[in-house]
Amino acid sequence: MDHPAPLIDFPSDETGRRSSTAFGRAVVADALRSVDPAAAAAAEREPDWRRGYPRHFKALVEAGLAADGTAGYEIAEAGLASVQARIRYRRDDGDFALAQALMAAPERPLETVEVKGTDRPGTEVVLPYRGELLRGDALQRRLDAWVAAGSIEESCADAVREVAASPDWLDLSDQTLVAAGAGTEMGPVGSFLDWGGTVLALDLPREDLWQRLRTKVTAGRLLAPASGETPGVDLLNDLSAVAQWVLGFDGRLILGNYVYAPGGAYPLLAAAVDALGTHLRQHRHDTALAFLATPTDVYAAPGTAVTQSRERYAARSARARLGAVVSGGRLLRPNYPYATAPGINDSLVPQQGPNYALAKRIHRWRSTLTRRDGVVSFAVAPPTRTRSVLSNRLLAAAYAGAHLFDVEIFEPETASRLMALLLVHQIRKPRSAAPAAWEDEAVAAAHGGLWRTAYHPRTALPLAAVRGLALPR
């Protein structure tokens, strides 16, 4: 069955072709141009964007550390400006700027489907972990163990402890989460409903998806837009109708960007939800934004992470040293060759592709800028055994063997609840922007150990995958 072309799309070239590759290359170059013209030119000249994109996404972080880290704000501004200027809103009478998609009159208003929970909202922090429900002292011990193992940053554990010590924070009856990508495994919808919140759920009109969402309504309220028998909406074709529907609800809104789609649809969705967030904040200045950052990206890691990683590398086994030599230096390279603070952690996984990396970078840029004048929940989420990850055979195998390199892969129910707790903390206790943009991204990171493992992740990934393929399923 043919699907109609999205109304929100990439710009066309002189031949009429709309290319996610050309778009990604241009956005990265635009983001770098004023801070590092040479890096911008290198991105523009990259002949094989599909394979060569990792070094240019790394350059975005490296360049962002200039001027005591304030260059990160300039890069974020330029990158988002490029996205907004280049993404097109397609109509029969031509292509227009993305902002026009929010101003267009919807063909018809969306109806509302509501499901109310009947349970009493939860009032205690409980974390599912390996078949157990951790609370109280058991939860504290798990947080301590994660910090000691380097799986999460101390600030992540501190945030969870603070929520556990403030049970009134879990009463979310005063909060409304606009969940874009409501059905994703990592999203906080289930937890938000458990704690009595209201969720405005945005996702595609698929009956199986909405059946799963309905089962999550224990307490709280789930409301969804509908234009047919099945709830749901296509953000790439009905953005103005979605904006009108969301603004019809009273109270402070939290727009959570949890969308995911394969291939070129992902940066398009990231741009669409970003435009929706800008639109909501123009009409409701107190609208908060929420994001889950991927651990498989490039970050400026704090000095404590660099130190622990280098200590582990210095203490590596004779077998690991031999393996590095036999591979001609291709395997088991140090995560941080130099003792710099911050250090550059490059955990990009090329198999995820440049579209995935760009969509996630759009999220990061918006978080960086919004924290200067608004409320943002942003945290690096742990590597997790989600369906989308496990569908890639190599990634699934690498995740199965990751424990050999001090990296913990989380189950979806643990990761989702952990990130929901961080959302509560950052909404209840918002913080202003740091002088250096990278510092905010390091707060409360739950990277699973990727920042603190001894080895550069891409040089350990093949060995983890070999071990993972040998393990019983």
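Keep in mind that the model is predicted.

Overall build first. The protein chain holds 19 helices and 14 strands. Along the principal axes, its C-alpha atoms fill a box of roughly 70 × 60 × 45 Å. Is the radius of gyration in line with a compact globule, or out of line? In line: for 473 residues a compact globule would come out near 23 Å, and the protein chain has 22 Å, so the two agree.

Next, packing and surface. Of the 473 residues, 56% count as buried. Take the contacts with a separation of 6 or more: 77% of them come from residues 24 or more positions apart. The accessible surface is about 20,200 Å². Carbon and sulfur atoms account for 52% of that surface.

Charges, briefly. There are 53 positive and 53 negative ones. Their mean positions lie 7 Å apart.

Is α14 mostly covered or mostly open? Mostly covered: 18 of its 18 residues are buried.

Last stop, alanine 101. It sits in helix α5, residues 99-103. Buried or exposed? Alanine 101 has a relative accessible area of 4%; buried means under 20%, so alanine 101 is buried. Leaving out residues up to four places away in sequence, alanine 101 touches Ile8, Tyr89, Leu239 and Ser240. As for isoleucine 254, it is 153 residues from alanine 101 in sequence. In space, C-alpha to C-alpha, alanine 101 and isoleucine 254 are 21 Å apart.

How values were computed: Residues are numbered from 1 along each chain as its sequence is written. This is a predicted model: local features need pLDDT of at least 70, side-chain atom pairs count only at pLDDT 80 or more; totals for chains, interfaces and linings use all residues. Side-chain values use heavy atoms; hydrogens and water are left out. Helices (H or I, at least four residues) and strands (E, at least two) are DSSP runs, numbered from the N terminus. The radius of gyration is taken over C-alpha atoms; the globule rule is 2.2 Å times the number of residues to the power 0.38. Buried means under 20% relative accessible area, exposed over 50%, partly exposed in between (1.4 Å probe, protein chains only). Contact means heavy atoms within 4.5 Å. Accessible areas come from the Shrake-Rupley method with a 1.4 Å probe; for residues, only the protein chains shown count as cover. Lys and Arg count as positive and Asp and Glu as negative; His and the chain ends are not counted. The place of a charge is taken as NZ of Lys, CZ of Arg, CG of Asp or CD of Glu.
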